[in-house]
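Thanks for coming. Please have a look at the structure on the screen, and then I will go through a few points.

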Amino acid sequence: MLLGILIALSMGRMHIPLENVMNTLLGNNPNEVENNVILILRLPRILTALLVGAGLAIAGVTYQGVFKNPLVSPDILGVSGGACIGASVAILLGLGSFSIQILAFIGGVVAVSLTMLVPLLMRRDSMIILVLAGIIVGGFMGASLGLIKYLADPETQLADIVYWSMGSLTKSNFKNLTAFSPVMIITALVLLLLRWRINLLSLGEQQAKLIGVNIKMERNVMILCSTLLTASAVCLSGTIGWIGLVIPHLARLLIGDDNIKTLPLAALIGAIFLLLIDTLARNLYTEEIPLGILTGFIGAPFFAWVLVKQRMVK
């Protein structure tokens, strides 16, 4: 990861030798232009990539453990759709980038709140009902996003909405990072501390109750932390698919199904993966490629390989 950070700080439209990157980080580089490019433009973007990649991977491991389904991803409860709606409304209103991220966070939380409300109204505390509620809310958010795109100005607003929904770290800066990183760090630490409880929830409700697990409370805490983690990540980067789905599988393939080990390893792999994707997005083409496109091209065949590898191991 440290090597990846140095390479990412060096690569870009303005190539900076690794020696100069090290001198800038140590405060010994007399070239102010290189210092500004590294410290103001690239460093906050790289830190955001590491934080978002780790956060989505942690949320993916948690969701898959809590729902006992290896095909679950962090946006199953509608958080990504809600965040897209919030950001799109902000773009329609002509608000700034920070306001877009704030409304995206609010939209994600509102969407998950609606999902959690459905089982309460039905008076059925069931994981299946919760997943179905997430599908319903996600479908409604998708239809709402389609309406917003239809109403948006095709010359300006539509392009911004589409680009944001495909994922990008272009707007990354220390202001945005400072605003959302505390939520991500705190929720990630809570999930890391509770990762051994994910193992207990993965056993099934009856066995978990027999060993004294408060299933409803612990499950809700994990879902809440994973949701806030995902919503904050989406606010910083837009919608980025595959990380929360693929990285947990790779971590389990490398180290096994014990979430005590799998969750921190997935966080590390997720951080490195998104750092690699963002570095490629900045350097492969004259225009920056949206992150969602690259994660799809790399994540889909990689996920197929992981599934084949797991079958071969079993």
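At what angle do helix H5 and helix H8 pack, and how far apart are their axes? This is a predicted model, and in it H5, residues 97-122, packs against H8, residues 174-193, at an angle of about 20°. Their axes are 11 Å apart. Angles under 35 degrees count as roughly parallel, so H5 is roughly parallel to H8. The crossing of the two helices is right-handed.

Now the residues at that contact. From H5 there are Phe98, Gln101, Ile102 and Phe105. They meet Lys175, Asn176, Ala179 and Phe180 in H8. Sorted by class, the contact has five nonpolar residues, two polar ones and one charged one.

Next, the annotation. An unreviewed UniProt entry lists several stretches under "transmembrane region", among them 38-63, 102-121, 179-200 and 259-277. I will take two of these. Residues 38-63 are 100% helix and 0% strand in the model, with the end C-alpha atoms 36 Å apart. Residues 259-277 are also 100% helix and 0% strand, and here the end C-alpha atoms lie 25 Å apart.

Where does tryptophan 242 lie? Tryptophan 242 is in the loop between helix H11, 215-237, and helix H12, 243-255. Most residues other than glycine have a negative phi. Tryptophan 242 is not a glycine, yet its phi is positive, about 80°. With a relative accessible area of 32%, tryptophan 242 is partly exposed.

That is what I have for today.

Definitions and conventions:
Residues are numbered from 1 along each chain as its sequence is written. This is a predicted model: local features need pLDDT of at least 70, side-chain atom pairs count only at pLDDT 80 or more; totals for chains, interfaces and linings use all residues. Side-chain values use heavy atoms; hydrogens and water are left out. Axes are lines fitted to C-alpha atoms, for helices over the stretch in contact, and angles run from 0 to 180 degrees between N-to-C directions. Helices (H or I, at least four residues) and strands (E, at least two) are DSSP runs, numbered from the N terminus. Angles under 35 degrees count as roughly parallel, over 145 as roughly antiparallel, 65 to 115 as roughly perpendicular and the rest as oblique. A crossing is left-handed if the near helix is turned anticlockwise from the far one by less than a right angle, and right-handed if clockwise. Contact means heavy atoms within 4.5 Å. Ala, Val, Leu, Ile, Met, Phe, Trp, Tyr, Cys and Pro count as nonpolar, Asp, Glu, Lys and Arg as charged, and the others, Gly among them, as polar. UniProt positions are given in the numbering used here, feature names are shortened, and annotations may be inferred rather than shown by experiment. Buried means under 20% relative accessible area, exposed over 50%, partly exposed in between (1.4 Å probe, protein chains only).
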